[in-house]
Amino acid sequence: LWFFHTIWLLPCLPFLCLLHPPKSQLRVEGPGHPVTATVGQDVVLPCHLSPQRDARTLEVRWIRKEFSETVHHYRNGEDLYWEQMGSYAGRTELARDGLSAGSLDLRIMGLRPSDDGQYICTVGDADAYAETIVDLEVSATGADPHLSLGGYEAGGVRVLCRSAGWYPLPQLLWRDARGQHLPSVSQTHSQDQEGLFEIEGAVIVTGSVEGPLSCVVRNSRLQQEREFSLHIAAPFFHNAQPWMVALALVLVLLAVSIGLGVYLYRKQACPGLSSAPDGLAPSVPAVKVTLDPDTAHPWLVVSQDNCSVRLESERRQVPDTPERFDYWLCMLGREEFREGRHCWLVEGEQLKDSRWAVGVARASVERKGKINMSPEGGIWAVEYNNDHLKPLISSSTLVSLYPVPTRIWVCLNCTQGQVSFINADNGVKIFTFTAASFNGESIRPWFWVETEGIQLCLRDSTPQTVSPAPGASCPSPDTPASPLLGPEGAAQK
């Protein structure tokens, strides 16, 4: 009987299939590997139907962990932005052009550290549902490490290293000149409001460590790292012993007393030399240098007497001439030098987190775009950056001076190709560029102001009040201590 009933129903099977069609099958696939991107960039999270089919009539939803954590929702040809999480508002876009081919790719714009993690690509209709997971790895490479000395400790010198702007949390390593790793005595980290990490570590360096000390901060996800080196002079380790500290203090006080006595004696005996830096021959007077407003970046404001410059928060309406710097906040002096020896005094402001630089540049130095601020780019200068001085060279070297000077003699020797920088308060030599490649060109004073409100002032060697830039002031200096030039005509490093 069963057999005859089955035979009778066979002609009806096609009609029964039309009345109750089988449910459609959906299958969705991701990239099969993590998607990597950098903070601030845009990224596309891949997702597609397999086999390929039209997805315009399907419901597509990208979520984080739960359906309530909606990143983007598409249904019936419409993006339902009101359902998405607030942190993604205005930052997502479904690739509409690819829907007809089964592409469900999602674009996320302006990546943030919080975007890091897993995303679930879901698709469905009334009869079927499918999903797949896409991993997004967000990274950020931070700033160059900043090294500083923290004082004497445990028979050595405590060195601190700090760097910010990293994601995820980076590694901080110490290396000596032979590449051997040194153990950290402490290491801390924190996150800012944007989720970027700042890391700080410390190491105790003793006299047994030879050569420069390097701090390396590494992003293991990107396999990128930043490195900065510092060479600690041997006298620092001698001072690590308490009795040596006391002896050094006595010697310093003695030297200051002798220097002050010599200075007062020479001031009374030779008042006519006050117009030139003491220690220079009278035939090499300090030159008067003025600023050239036609070369100043539009955000730099120059005083009416062209003797001081300050960085403002608003761009000035000035013509974009070939002579004007348009990217770095730089400018030149009016004077040009081709031969002989010349010195001039520059005074900056020593404030927390301030940054500026002074020096010289070829008259033909590049003015447009990201110029190379180093001797290779035709600039010889020293930079004041957050209580440290360093020459602007490719291998940055910290010049450890305390207190850090803000009145600096810039001394140019065109004949021997040397540029020297000297502490105007005590005559201590800061740094000397030797064998400078002037290429027979004229050399001009050069200035860089990177911090808003910070001002650089040009000084005469005699006490005189210089008109400041509008809204700021530079106090009139005392007669400065003199740069000490050797017989070659320039200070040595």
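1. A residue counts as buried when its relative accessible area is under 20%. Keep that cut-off in mind for this predicted model. Phe438 has a relative accessible area of 7%, so Phe438 is buried.

2. Now the partner of Phe438. The rings of Trp380 and Phe438 have their centres 5.1 Å apart. Their planes stand at 90°, so the pair is edge-to-face. Trp380 lies in strand S25, residues 379–385. Phe438 lies in the loop between strand S29 (429–433) and strand S30 (443–449). The two residues are 58 residues apart, and the pair links distant parts of the chain. Trp380 is buried as well, at a relative accessible area of 2%.

3. What does a search of the whole structure find in the way of aromatic pairs? The number is nine. Another pair to look at is Phe337 with Trp344. Their ring centres are 5.6 Å apart and their planes meet at 15°, so this pair is stacked. Phe337 and Trp344 are both buried.

4. Aromatic residues also group here. Tyr327, Trp328 and Trp448 make up one aromatic cluster.

5. The charged end of Arg64 sits over the ring of Tyr119. The distance to the ring centre is 4.3 Å.

6. Thr132 belongs to strand S11, residues 129–139. Is Thr132 buried or exposed? Its relative accessibility is 17%, so Thr132 counts as buried. Beyond its neighbours within four places in sequence, Thr132 contacts Val28, Glu29, Gly30, Cys47, Tyr119, Ile120 and Cys121.

7. Gly102 sits in the loop between strand S8 (92–94) and strand S9 (106–108). At 1% relative accessibility, this glycine is buried. Not counting residues up to four places away in sequence, Gly102 touches Cys47, His48, Leu49, Arg53 and Ala55. Take His48 from that list. In sequence, Gly102 and His48 are 54 residues apart. In space, their C-alpha atoms are 5.5 Å apart.

8. Next, a sheet. Strands of a sheet pair through backbone hydrogen bonds, either parallel or antiparallel. Which order do the four strands of the open sheet follow? The order is S12-S13-S17-S16, and the pairing is antiparallel. Strand S12 (146–153) and strand S16 (186–191) are the edge strands, since each pairs on one side only. On average, neighbouring strands of this sheet are turned by 20° against each other, direction ignored.

9. Look inside that sheet. Strand S13 (residues 156–166) pairs with strand S17 (residues 197–205) over nine bridges, in the antiparallel sense.

10. Finally, the whole protein. Its secondary structure comes to four helices and 31 strands. The protein has 493 residues, and 43% of them are buried. Consider the contacts between residues at least 6 apart in sequence. Of these, 63% join residues at least 24 apart. The accessible surface is about 25700 Å². Carbon and sulfur atoms account for 54% of that surface.

Note on methods
Residues are numbered from 1 along each chain as its sequence is written. This is a predicted model: local features need pLDDT of at least 70, side-chain atom pairs count only at pLDDT 80 or more; totals for chains, interfaces and linings use all residues. Side-chain values use heavy atoms; hydrogens and water are left out. Two strands pair if DSSP finds at least two bridges between them. Axes are lines fitted to C-alpha atoms, for helices over the stretch in contact, and angles run from 0 to 180 degrees between N-to-C directions. Buried means under 20% relative accessible area, exposed over 50%, partly exposed in between (1.4 Å probe, protein chains only). Contact means heavy atoms within 4.5 Å. Accessible areas come from the Shrake-Rupley method with a 1.4 Å probe; for residues, only the protein chains shown count as cover. Rings of Phe, Tyr and Trp (its six-membered ring) pair if their centres lie within 6.5 Å; planes under 30 degrees apart count as stacked, over 60 as edge-to-face and the rest as tilted. A charge sits over a ring if NZ of Lys or CZ of Arg is within 6 Å of the ring centre and within 35 degrees of the ring normal.
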